[in-house]
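Please examine the sequence and the three-dimensional structure shown below. The report that follows describes selected helices, sheets and contacts.

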Amino acid sequence: MSEIVIDIAETRKKYRGGVEALRGVSLQVPGGGIFGLLGPNGAGKSTLVKILMSIVRPTQCMGSMLGLAIGHKPTLARVGYLPEHARFPEYLKGGEVIRYVAGLAGVSRSTAKQRSTELLEMVGMKDWGNHKMGTYSKGMKQRIGLAQALVNDPEIVFLDEPTDGVDPQGRLEMRNLLQTMRDQGRTVFINSHLLGELEMICDSVAIMDKGQIIRQGTIGELTEKSQRYELRTQGDISSDLLNKLTSDGVEIEGDTMSVYQADPTPMQPILDALRSEGVTIVELREVRQSLEELFMESVSGDGVGGIQKNSTPPQLPRKETV
Amino acid sequence: MRQILTILWDSYRLLAAKKLFWIVLSLSVLISMCYASVGFTPEGISVFFGAYHIESDIIVADSIFAEYLYMMIFTDYLVPWWLGMFALVLALISVCPVFPDFLKSGSIDVAVSKPVSRVTLFLVKYLGCLLFVAIQVLIFCVIVFFAQGLRVNAWNVEVFWAVPLLTFVFSLIYCVAVLTAVWTRSTLFSLLMALLMWGVTLAVQWAEMFAYAEAYTKPAVGMQMDFKTGEISYSDEPQEPDAGMVKFHNVVKAVGSPLPKTREATYLLKKKISIQGKNMTRMTEFIDMSADKYERRQAKAQEAYENRHSQVYIIGTSLAFEFCILGLACWMFTRKDF
């Protein structure tokens, strides 16, 4: 990832009727990676993207996209966009939709024709490009949506809930396409509340709730504090060793020990000590907070979010056995 | 320019995808073919390619009256009633959903997020919808043009004035639908509002026409009508305009001034088309040499009636109306959050 491609500060949007969708959002998006904007429904994610795409007029917005002021129309020629619940004219064929959007983006006819063929192949719709949109399934429409978002060879691609309503197979293919886009050097900005999917592909994320960004950074940075090693043992451990481990900061609960460290080195003497007492090591695993846990932690409690703690659904942490 | 052509081309594809477009086109072709079936012989008029024959002493082949009648069928019946009324209603029903559909979430987002100004997007989309009428009328006029050329040997390109005039008339009604659509995003409401506005303007125009005829035309002809018995009598000399009717006409005209002149704009076609170098509204120039003084007086009064409003007044006031309505719609469109 390289320079910042989107840099906004103090972005506010108050709709008529007093609804405050954005309350001073500041956001920096690094170029050349996949950026995920997370948040519950109604957090203001779509409003933020729509402001960046000049679809919604901000009450206040300072900053730039690709080095130019937000709302600068010619900049949009360098940006692609797939809106949430995208609707494309049913009377057009898949290839025609792509060429229509290319025309709106100012792409020349010959380039549009060439790009539409390439993109249809890329999204796996090569054999369907000459069928009308009305005959497509939801997943096929999303693929065409993705293709049209890329027709102007954009530097940034905004995808608003791109996997909404798409089946698991389609989601997998969508993820692969997003990774292809990243490999092509594009910045992919995804708006989603499907955290599991974002976690698999995003390089950096921002968590948004009630019109504010409450956390931002790479997934590694955001989950670093919660990184730990868990050790499960079998057999008795002497009270001396237990006391020593506890005094060294090891949390012990039943037959499980937790060591809050990102580095596995401090685990080695603990393993040695346990083995010297003849304790069986059943499992040693690296545990990192999942994006879902991070998200719930961010939006719950007394913070900006305000989701009640007891409403948190049961979660499984991401585990990697070593 | 690329963006403008893209929107226009999309508009054409949208219209071509509508069944009603092809239904109206088929009806237009059928009606124009019926028109083309009328011909003139040395004995009179032949209808349906000679299936029927109407004898006449005046309206015969190669006479100016035959040419006038043939053109009049086009300007006074086909244009105002088929193209200017029924086809226009069908066109309105067909294109009314265009803006509400375009403004739906998920659809408008794609268009607005492109490097095209909202004003351009709005105006070109609006113009694209007018293609419905422009294409229909153009095809109709092509058939009429050839019919007139082949039937009365009048290769009159002025018939093509119907294309811009009827498209303009349609635009006057459609702009109300567009404003309502931008405001409410409802197809039904925008259609109802457009029809309501059209109805009101037609009522005011017909009232004005009636008031003018009562105030000026009938007295100029010397015609008097007893409204109780329905008896009509003619005086030897023209009468002075009726003061009460003149006042009523002035009021109706003032009320109608800011409204679009849909009917009058349609009839402007008669001013644009000439027969053997004579404007069709110049009735006195077409009158038969043997006509008596009543007929001459009637022709003169009719000519005054046809020319009571200048083209500048008809087009100017209608354009002002359209400019205001469309300007408001465009302003709302550019300010709207989608």
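## A helix of chain A

H5(A) has 16 residues and reaches 23 Å from its first C-alpha to its last, close to the 22 Å expected at 1.5 Å a residue. The expected span of a helix is 1.5 Å times one less than its number of residues. Helices (H or I, at least four residues) and strands (E, at least two) are DSSP runs, numbered from the N terminus. This is a predicted model, in which local features need pLDDT of at least 70 and side-chain atom pairs count only at pLDDT 80 or more, while totals for chains, interfaces and linings use all residues. Residues are numbered from 1 along each chain as its sequence is written, and chains are lettered from A and ligands numbered from 1 in the order in which they are written.

Which residues of H5(A) are buried? They are A:Met174, A:Leu177, A:Leu178 and A:Met181. These residues cover an arc of only 105 degrees around the axis, so they lie on the same side of H5(A); the arc is that of the directions from the helix axis to the C-beta atoms. On the other side of H5(A), the residues A:Pro168, A:Gln169, A:Asn176 and A:Asp183 are exposed. A residue is buried if 20 or more other C-beta atoms lie within 10 Å of its own, exposed if 12 or fewer, and partly exposed in between, with C-beta atoms placed from the backbone. Just after H5(A), A:Gly185 takes a positive phi of about 95 degrees.

The buried residues of H5(A) pack against S3, helix H4 (138–150), S7, S8 and helix H6 (195–201) of chain A. Two residues are in contact if their C-beta atoms, placed from the backbone, lie within 7 Å.

## The sheet of chain A

In chain A, six strands form an open, mixed sheet in the order S6-S7-S8-S3-S9-S10. Two strands pair if DSSP finds at least two bridges between them. Strand S6 (79–82) and strand S10 (212–218) of chain A stand at the edges, each with a single partner strand, so one side of each has no neighbour in the sheet. From one strand to the next, the twist averages 15 degrees. Axes are lines fitted to C-alpha atoms, for helices over the stretch in contact, and angles run from 0 to 180 degrees between N-to-C directions.

Strand S3 (residues 34–38) and strand S9 (residues 204–209) of chain A run parallel and are joined by four bridges. In this pair, A:Leu37 stands opposite A:Ala206 in S9(A). Helix H5 (residues 168–183) of chain A packs on the sheet, touching S3, S7 and S8 of chain A, and its direction makes about 150 degrees with that of S8(A).

## Chain B

Chain B contains 14 helices and seven strands. Of its 338 residues, 38% are buried. Three strands of chain B form an open antiparallel sheet in the order S1-S2-S3. Strand S1 (39–41) and strand S3 (52–55) of chain B are the edge strands, each pairing on one side only. S1(B) and strand S2 (residues 44–47) of chain B pair in the antiparallel sense over three bridges, and B:Phe40 has B:Ile45 in S2(B) as its bridge partner.

## Where the chains meet

How many residues does each chain give to the contact? Chain B gives 22 residues and chain A gives 23 residues. On the side of chain B that touches chain A, helix H1 (2–16) and helix H5 (108–112) of chain B each supply at least two residues. The largest share of that side, six residues, comes from H1(B).
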